[in-house]
Amino acid sequence: MHWLTTYAADITKTAAVGGATEHSYRTPIEIMLRAASNEFGANVNILQEPGRAKNLGAPDFRVAAADGGVVGYVECKTPGADLQKLTTKAQLQKYRALSENILLTDSWRWLLLRAGKTAAAARLSEKPGKKERDDAAQILRTFITAEVEKISDSKRLAAALAHRCAMLRRGLAQHENDEQSRLHGLLHEFQKTLDRDLDFPRFADVFAQTLVYSLLMAKLSAPEGDKLNLDTARRRIPANFAVIRQIMTFLPEMEDAVYAGIHWIVGDILAIVNAMDKAAVAESMSYKKGVSDEDDPYLNFYETFLSKYDAKLRESRGVYYTPPPVVKFIVRAADDLLRRDFAMPDGLAQNGVVALDFAAGTGTFMLEMARAVFAGKSAAKRDILAREHFLPNFYGFELMASPYVISHLKLSRFLAENDVALQNGERIKIYLANTLEKIDAQIESAFMPELAKEAKEAQTVKDSPVLVIVGNPPYSGHSQNKSAEQYEREHKRIKGKRVMGVRDTWIGGLLRGFDGDVKIGGGYYEVDGKPLGEKNPKWLQDDYVKFLRFAQWKMDAVERGIVAVITNHGFLDNPTFRGMRQSLLSTFDALYFLDLHGNSKKKERAPDGGKDENVFDIQQGVAVSLLVKNPAAKKKGVFHKDLWGMRKEKNKACLSGSVNSIKWKTVKPAAPSYLFVPRNGREGKKYKKFYPLRDIFSAGNAGLVTGRDALYIHHTKKEMREALRESGGKYRESPVKPVAYRPFDNRLIYYDGKLLARARKETMLHMLEGGNLALATVRQVKAGKTWQHCFSTTVLLESTFISNTTGEINYLFPLYRFHNGMGNIVRDENFTAEFRRWIDARCGKTHSPENILGCIYAVLHSPDYRGRYADFLRADFPRIPFPKENGEFNRLAKIGNALIAAHLLQKNCRGKFAKLRGEGTSHIVERVRYDEDAGRLWFNKGEYFAPLPPEIFHFQIGGYKPLDKYLKSRKGRQLSLHEIDTMEKAANAVAFTVKKMAEIDGGNKK
């Protein structure tokens, strides 16, 4: 009897048994697959259901060649299942990522999937005829005799390994509760020596990647033709890589029954590594094949791996590897500075140079420094330079195990291709270590002695003099090296108990000027000997800031040295970093900053209005910092250069430019901001004499944040009541308050401090009594943008009222403060005593709070003031040039108060602009479109507001065109009579503003 006829009979019998499930059909399918392999002479192994980890999934059958290489997978479904529909399901998509050869069956029907597409289909009946058998046999033959894919390209290898590594991570993560396992023991060693905050899910990620890369290293190091298995892989890791070898001792345990759910994944990884074309892969990752200046084969491999493995995880960790052109510029700059300012004619190759990459990643900077050391040298000279200079004196620290393995792969390959073979006792000195933490010299580990030894050797490097520090630290505001401040701010909970009073980390202490318990100064939380005074200095906890503090600490310990790094560029001018800037000035004699910009969060544009791209695939702008500590440096001071434009052009400039060829602008940082960016010197001196807005008002804070605007902010009480009830909340009338949501757009907020993310009650309470007035402005405006960031309100203020651009959070400064006094509510002006004394003395009379605010408001609307002091207005809260003459003061106050009344729509703003017109009557906002030629602002097919001249429609208040914003935020709503009236009033208020702004500078030429 034909084997397919027998199979059909077996399936029929199974189906006849009541309660048959998908699993009931597996045995007949397996018997048939074995019969097919015998029929076609295929030497394959068929594994049925290779274990299933919860929520992980595994193919029902894995078909492998005799040597372990994966032939393909079979996925089974119950009879009658819609196979074609299943081809689009997520689970099958995962299998497609694992193999291009998949067989999908419901026992009767068969689909052969090749490269994700249906290549063939067949159907059997209970008594199949010859054609049915032939069709099914052909599909089975094609599937079972497929050749094992022999990967020869490094990028395809990276993708194949990444998909399986992601599944391995998920499988390992399910063992979180097996606290007595060796896996947990390894986690505890990593916590003790590397990262105290490492949790099990992150450790599963670290361990999965490390195993994959270690297997790859083992295969590349193994003799030709050698097949790895879980027992032999560790022995193929070169003895020079002791930590990796020791981690690999865990591999044989992966065969234990407890890990049955992931056996097949580990088997797949081994199969792929064993089956790859080792020579071709090695060639594709060679540095001898003419790699371009803008390429790095190992970096390409790892970037490809990460993108397929977990792109979001990479983003959350702030792990972005530096483009080779930028690396070349930084290393070349360090080399040039050694030659120019340190009397070291051989640069990095000079005897006595000790260098450290404090965030080594995949070893890109280490590789470039090795290139600089070997440049132009003969093979014999390279060998002695490697053994007596590079290997003993060039160090790297890397916290993540997977790039640590890649860096060793990369550097060992580069050295071998430069005729340097590592000998017994020699190693590349990249350590698996946490740069930002000190390690106890007494630390020991019976479980992982090599990891403890590695940590202690890294600490020895931290305690020893270093001349050059290079690198690209991670950019993450959510630091992986949390200080005590971060623990307390985040209310981190362990077993239900809030962690308070946690002992600070070593780097957390350095940020505040302490080395352990010893006060050493240089902290970033003070400026001019006083506390920084920032209410939310969280950006000082960004990882890149901590790495810079570490580098500065190292330089404070030596007489001279160089720090050459690329980081987020925010510290150059952000007010929060002024203490950091002053501290850096105290350590370094020459500071060079090449600002590469590319900040999409700030919506940066080139000065000519063109596009500005980042050299990384990230949103934060970046800058190269070259910090020189050397009293004998040829040039001293602070120097700055902007580099705008497209990524390609920036890379080209980095490849061709040098610290000596760049035309730097000299910067003269001064109190109180100590800016590292150029400012107009003459205007700056003048501007510094103006009165700081922040020192005028006693109370002031950022606007409130709901965390859920769609739930807590509404147009009407009815909408709010319905939204709260739908979410399961209770509605009360008393918390409902008016809130300034956008210019000319007041709404209702459910102002309950227990529900809102940040209620800002200490300031907002002054707006709850009524009868108050407040100035709304911002602290910073992003580079390249004009300043038009002020408005007024009489109610609560939302934090993006004026602008929703990242970093332009809105602040509220009330005119009056309310407090209890003898049982009554007392109202006091919200000016500091120092300012009131100053302004009264300057004017020779006492002006009312309203007139003072009116004068401030007029100044802030002065076109001359906004243009002349644009750079300074972007950097911090405005400074106000109050006129000395009372006549001018009163003139400005009158204009300012008129503007305030217009912006609050209290003034009679009726006029000729923005009348509702058209033929429609629905009043529903559908599509907002401005016809500039006709001066019409359409909001559906039949209705529009007109006349509306361009200067009114395009008028900016902060980050918004208020009239456009007002309508677009009501898309899908029917405009009420009040909203139509508000549109008309707002348009005429804008027209009034344009007119009054033209009058302000008539008598004010400050």
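**Entry 1: charges over rings.** I began with R512 and found its charged end over the ring of Y525, 3.7 Å from the ring centre. I then turned to R827, whose charged end sits over the ring of Y816 at 3.6 Å from its centre. I note here that the model is a predicted one.

**Entry 2: confidence and overall build.** I looked up the confidence next. The average pLDDT of the protein is 87, and 92% of the residues score at least 70. Residues 489-502 fall below 50, and this stretch has 18 contacts in the model beyond near neighbours in sequence. Where pLDDT is low, the predicted coordinates should not be read in detail.

I recorded 35 helices and 37 strands. The C-alpha atoms fill a box of roughly 110 × 80 × 60 Å along the principal axes. Of the 1006 residues, 58% are buried. Among contacts with a separation of 6 or more, 71% join residues 24 or more positions apart.

**Entry 3: the nonpolar cores.** Which residues have the most contacts inside the largest nonpolar core? I found F190, F305 and F571, in a core of 186 residues. Helix α8 (residues 200-221) gives the largest share of this core, with 13 residues. A second, separate core has 102 residues, including F690, Y691, L815 and A991. In soluble globular proteins, nonpolar side chains tend to be buried together.

I listed what F305 touches beyond four places in sequence: A158, L161, A162, C165, Q209, V212 and Y213.

**Entry 4: aromatic pairs.** I counted 48 aromatic pairs. I examined F571 and F593, an edge-to-face pair with 5.9 Å between the centres and 75° between the planes. F571 lies in the loop between β17 (561-568) and α22 (578-587), while F593 lies in strand β18 (residues 590-597), so the pair links parts of the chain 22 residues apart. Buried or exposed?

**Entry 5: helix α17.** I followed α17 over residues 401-417. Its 17 residues reach 24 Å from the first C-alpha to the last, close to the 24 Å expected at 1.5 Å a residue. The helix is mostly covered, with 14 of its 17 residues buried. Just after α17, D419 takes a positive phi of about 65°.

**Entry 6: two residues and their contacts.** I placed T993 in helix α35 (residues 977-1000). T993 is buried, with a relative accessible area of 1%. Apart from neighbours within four places in sequence, T993 is in contact with H861, L899, H903 and F955.

I placed Y741 in strand β25 (residues 736-742). Its relative accessibility is 11%, so Y741 counts as buried. Beyond four places in sequence, the contacts of Y741 are D709, I713, N746, R747, E798, T800 and F801. I also checked Y741 against Y865: they are 124 residues apart along the chain, and their C-alpha atoms are separated by 27 Å.

**Entry 7: backbone details.** Where are the cis peptide bonds I looked up? One runs from A671 to P672, with omega near 5°. P672 is in the loop between β21 (665-667) and α24 (681-688). Another runs from A946 to P947, with omega near -5°, and P947 is in the loop between β37 (943-946) and α33 (950-953).

I finished with positive phi angles. S107 is not a glycine, yet has a positive phi of about 85°; this residue is in the loop between β4 (101-105) and β5 (109-114). A914 is likewise not a glycine and has a positive phi of about 60°, in the loop between α32 (886-903) and β34 (915-918). S107 is buried at a relative accessible area of 1%, and A914 is buried at 1%.

Conventions
Residues numbered from 1 in each chain as written. Heavy atoms only, no water. Core = buried A, V, L, I, M, F, W, Y, C linked by side-chain atoms within 4.5 Å. Buried < 20%, exposed > 50% of the residue type's maximum accessible area, 1.4 Å probe, protein only. Helix = DSSP H or I, 4+ residues; strand = E, 2+ residues; numbered from the N terminus. Contact = heavy atoms within 4.5 Å. Expected span 1.5 Å × (residues − 1). Phe/Tyr/Trp six-rings, centres within 6.5 Å; stacked < 30°, edge-to-face > 60°. Lys NZ or Arg CZ within 6 Å of the ring centre and 35° of its normal. pLDDT = per-residue confidence, 0-100.
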